[in-house]
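Reader: I'm new to this one. Could you walk me through how to read it?

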Amino acid sequence: MRVYLLAPDLRTRGGFEAQMSALAAGLAAEGVQVFVAIREAVAPDHPYWQRMQQAGVTLSAPPAWLARLLDPPLAWRQASMRLLLALCVPLLLLAALADRLRRGRSWARSWQGAVGWLHGRFGRWLFADGLSWWLWRRLDRARRRWPPDLVDVQHSMLPGGLVYAANRGLPLIYTEYGAPDEGLASVWAGLCPVIGRADAIIG
């Protein structure tokens, strides 16, 4: 049997990380092939990462340098958009002028429309979730080599994992180690629309 465990990160050294590493190591000890995929980079000396390695679990996480490229700071993304707008000013001026002449709109509206078009075309790339994109690509490669018998999404902060597995018709479990809390409303807001796609929920 082959099981995929999906998790957002291993930032801390307690909580769900301890539970997941114990689960992965325990399954591996029973002869189950376990593949753990982490969305964010993991410190090589993280004790639970090392625990799973020593148990023979197959592990996957982006290297730190790649994670930084895939998930740059918000300030960098915003600065990149401003730079792109500055570089494209000549083209935007022509586009706004053409729009004004064709539609008879005010210059302000035509200019706003041209800038909005640029934001719409390039903003989704500059502000995309690169870490999740990379995780889905890694899972696609793994599935071609080692198709899973079961996918277990290990944290409420990875609702995309539920969508990924459900869209591909993979047997799916969601494991929850906590309880709904008002302080985590933003996290549960992303989970609630997709939690029902799991075949079973453990909590």
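Reader: How many helices and strands does the chain have?

Author: Nine helices and six strands. Helices (H or I, at least four residues) and strands (E, at least two) are DSSP runs, numbered from the N terminus. Before we go on, this is a predicted model, so local features need pLDDT of at least 70 and side-chain atom pairs count only at pLDDT 80 or more, while totals for chains, interfaces and linings use all residues. Residues are numbered from 1 along each chain as its sequence is written, and side-chain values use heavy atoms, with hydrogens and water left out.

Reader: What radius of gyration does the chain have, and what would a compact globule have?

Author: The radius is taken over C-alpha atoms, and the globule rule is 2.2 Å times the number of residues to the power 0.38. For 203 residues a compact globule would come out near 17 Å, but this chain has 22 Å. Its C-alpha atoms fill a box of roughly 70 × 40 × 35 Å, taken along the principal axes.

Reader: How do I read "buried", and what share of the residues counts as that?

Author: Buried means under 20% relative accessible area, exposed over 50%, and partly exposed in between (1.4 Å probe, protein chains only). Here 41% of the 203 residues count as buried.

Reader: What does Val151 touch?

Author: Contact means heavy atoms within 4.5 Å. Leaving out residues up to four places away in sequence, Val151 touches Tyr4, Leu6, Ala165, Leu170, Pro171, Leu172 and Ile173.

Reader: Now salt bridges. How many are there?

Author: A salt bridge is a side-chain nitrogen of Lys or Arg within 4 Å of a carboxyl oxygen of Asp or Glu. The structure holds seven. Some join up: Asp9, Arg11, Arg39, Glu40 and Asp129 are linked in a network. Asp9 pairs with Arg11, their closest N and O atoms being 3.7 Å apart. Asp9 is buried at 8% relative accessibility, whereas Arg11 is exposed at 59%. Glu40 also bridges to Arg11, at 2.7 Å. That pair links distant parts of the chain, 29 residues apart: Glu40 is in the loop between β2 (33-38) and α2 (47-54), Arg11 in the loop between β1 (2-7) and α1 (16-29).

Reader: Where do the partners Arg168 and Asp140 lie?

Author: Their closest N and O atoms are 3.5 Å apart. Arg168 sits in the loop between α8 (159-167) and β5 (172-175), and Asp140 in helix α7 (residues 130-145), so the bridge ties together parts 28 residues apart in sequence. Arg168 is partly exposed, at 33%, and Asp140 is buried, at 12%.

Reader: Last one: which residues of α4 are buried?

Author: Arg77, Ser80, Met81 and Leu85. They are on the same side of α4, because they cover an arc of only 135 degrees around the axis, judged by the directions from the helix axis to the C-beta atoms. The face turned away from them carries the exposed residues Ala75, Arg82, Leu83 and Leu87.
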